[in-house]
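Take a look at the sequence and the model, then read on.

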Amino acid sequence: MILEALDRKLGFTEQLGSELQDLRHPNRVIHSIEELFRLRIYSIALGAPDCNDAAHLRSDPALLLACGRSTTDGSNLGSQPTLSRFEHRVTGRELVRLQHRIEAFAVKRLSKKRKLRKRITIVLDPSVDPTQGQ
């Protein structure tokens with residue numbers, strides 16, 4: 001819930017999610033793009049980076065609330081196949097726009113915290129490489 005509160009305050013997933021187009025038929029949509037995006041971001045942040053983790057996370061009460069779902073109506077978050085389709089439908093152009101939004105977000109946040117440096121290096125590499133240091 002702390003992660004969700006911080007996200008809402010900063011508007012991180014809202015800003016990034018606005019870069020993704022929803023081309024699905026509106027009558028067939030159960031999970032919004034914003035909800036699926038939040039589910040993936042929150043799952044990764046909580047240490048569950050694999051879409052297969054959705055099998056047990058999709059009914060987690062705290063995650064349901066964090067993604068804007070009710071815990072009492074019996075609805076669940078997106079399943080593993082739904083999340084896989086969501087991840088694979090993102091276009092290259094959308095990925096570039098997401099990258100630019102992340103860069104702008106990071107620079108804005110860092111410039112508020114301290115005097116803006118001449119150069120800020122942002123490494124967006126999820127792989128573990130001990131040669132890069134701590």
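The protein chain holds 7 helices and 0 strands, where helices (H or I, at least four residues) and strands (E, at least two) are DSSP runs numbered from the N terminus. Starting at the N terminus, its elements follow the order α-α-α-α-α-α-α. This is a predicted model, in which local features need pLDDT of at least 70, side-chain atom pairs count only at pLDDT 80 or more, and totals for chains, interfaces and linings use all residues. Residues are numbered from 1 along each chain as its sequence is written, and side-chain values use heavy atoms, leaving out hydrogens and water.

**The chain as a whole**
- Of its 134 residues, 30% count as buried (under 20% relative accessible area, 1.4 Å probe, protein chains only).
- Among contacts (heavy atoms within 4.5 Å) between residues at least 6 apart in sequence, 61% join residues at least 24 apart.

**The second largest pocket**
- The volume of this pocket is about 170 Å³, counted as the space filled by probe spheres set on grid points joined across faces, edges and corners.
- A pocket is an open set of points on a 1 Å grid over the protein atoms alone, where a 1.4 Å probe fits, with protein on both sides within 12 Å along at least five of seven lines; lining residues have an atom within 4 Å of a point.
- Its lining includes Arg24, His31, Leu36, Thr82, Phe86 and Arg89.
- Two elements, α3 (33–45) and α6 (80–88), each give two or more residues to that lining.
- The most comes from α6, with 3 residues.

Conventions:
Buried < 20%, exposed > 50% of the residue type's maximum accessible area, 1.4 Å probe, protein only.
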